[in-house]
Amino acid sequence: MLNGECWIFLTHHSQDIKKVRLIRNEFERLGHNPLAFHLKCLNSDTEEGKKELDSLIKREIDARQWFIFCDNPYLYSEWVEMEKAYIIDQGKDFIWKIDITADTETILNKARKICMDIEVFISYAHCDRKKIQPLIKALSDRDYSVWTPESRINVGDNLTEQISDAIIRCAYKGFYIVVISEESIMSSFVKDELAFATSQGAWIVPVVIGNPSIPDDTRTWIGEYQQLRLNPTENDFNQVVDMLDSVLEKKIANLSKNSK
């Protein structure tokens, strides 16, 4: 959804079609193009028909970047399982799940949350990687898409370009978290990322670990900050995610209001 008006592939069981239509309609209301196959309208009774349908679905998957699994643990479909397996096998990155058994408002709120492009960029010193694992888990557990160089950059990618693009996206719609520690204040990479994020108008979410001596220029960029213990736990980081959730709720409310 980097440029809006995305095609979104919805994987779902045919018995859930009424709720899937609610999701489809909500994505359309928010300016996107959801694609949901209703298999009963296609001929899959013959072997030739199955092959044709399989080819059609796979071509559509190949052409898409966004995928929503409309999950129902009480129903099984060979086609749904095939679609899921193929999407994962193709290395698709943008996959979300919506519990189709939830109430209508919960389902629609999840669709709105997805549309906010909730990608989070975390800037930190490499040696702090272990310390921030609970932060990554806390974010992932609440459906945020976490961007770190280790998880998103492949061999041969342009590191500077990939990081710059990610920061710009997070500055535009997502969140930029900078982890300040004794190690990161010595990192030229963290300082450069923070300076660039500031220049892009990012809303800076500073997390200070321990009690480092923060340089004046860094302190000016980060403003007020959340200070955590030297070895923070997932519960400590949950306070940070709670704050992001509260901001996101306001974004969702504004998005819904402006889309009427």
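I searched the whole structure for disulfides, counting cysteine sulfur atoms within 2.5 Å as a pair, and found 0.

Ground rules first. This is a predicted model, where local features need pLDDT of at least 70, side-chain atom pairs count only at pLDDT 80 or more, and totals for chains, interfaces and linings use all residues. Residues are numbered from 1 along each chain as its sequence is written, and side-chain values use heavy atoms, with hydrogens and water left out.

**Cysteines**

Buried means under 20% relative accessible area, exposed over 50%, and partly exposed in between (1.4 Å probe, protein chains only). Cys-127 has 54% relative accessibility, so I logged Cys-127 as exposed. Cys-170 comes out at 1% relative accessible area, so Cys-170 goes down as buried.

**The four-stranded sheet**

I took helices (H or I, at least four residues) and strands (E, at least two) as DSSP runs, numbered from the N terminus. Two strands pair if DSSP finds at least two bridges between them. On that basis I noted an open sheet of 4 strands, in the order E2-E1-E3-E4, with parallel pairing. Strand E2 (33–36) and strand E4 (94–99) are at the edges with a single partner strand each, so one side of each has no neighbour in the sheet. From one strand to the next the twist averages 25°. Axes here are lines fitted to C-alpha atoms, for helices over the stretch in contact, with angles from 0 to 180 degrees between N-to-C directions.

Strand E1 (residues 7–11) runs parallel to E2, joined by 4 bridges. I checked Trp-7: the bridge partner in E2 is Asn-33.

Next, the helices. Contact means heavy atoms within 4.5 Å. Helix H1 (residues 17–29) lies across E1, E2, strand E3 (66–71) and E4, at about 170° to E1. Helix H4 (residues 104–115) lies across E3 and E4, at about 165° to E4.

**Strand E5**

How many residues of strand E5 are buried? I found 5 of 5 in the strand, residues 119–123. Glu-119, Phe-121 and Ser-123 are buried on one side, Val-120 and Ile-122 on the other. In a regular strand, side chains alternate between the two faces of the sheet.

E5 pairs in the parallel sense with strand E6 (residues 145–147) over 3 bridges. Phe-121 stands opposite Trp-147 in E6. E5 also pairs in the parallel sense with strand E7 (residues 175–180), over 4 bridges. There, Val-120 has Phe-175 of E7 as bridge partner.

E5, helix H5 (residues 129–141) and E6 make a right-handed β-α-β unit. Right-handed means that, with the strands pointing away from the viewer, the path from the first strand over the helix to the second runs clockwise.

**Aromatic pairs**

Rings of Phe, Tyr and Trp (its six-membered ring) pair if their centres lie within 6.5 Å; planes under 30 degrees apart count as stacked, over 60 as edge-to-face and the rest as tilted. I have 6 aromatic pairs in the structure. Phe-9 and Phe-67 are a tilted pair, 6.0 Å centre to centre with 50° between the planes. Phe-9 is in strand E1 and Phe-67 in strand E3, so the pair ties together parts 58 residues apart in sequence. Both Phe-9 and Phe-67 are buried.

Phe-121 and Trp-147 are stacked, at 5.2 Å centre to centre and 15° between the planes. Phe-121 belongs to strand E5 and Trp-147 to strand E6, so this pair ties together parts 26 residues apart in sequence. I marked Phe-121 and Trp-147 as buried. Ring pairs link Phe-121, Trp-147 and Tyr-176 into a cluster.
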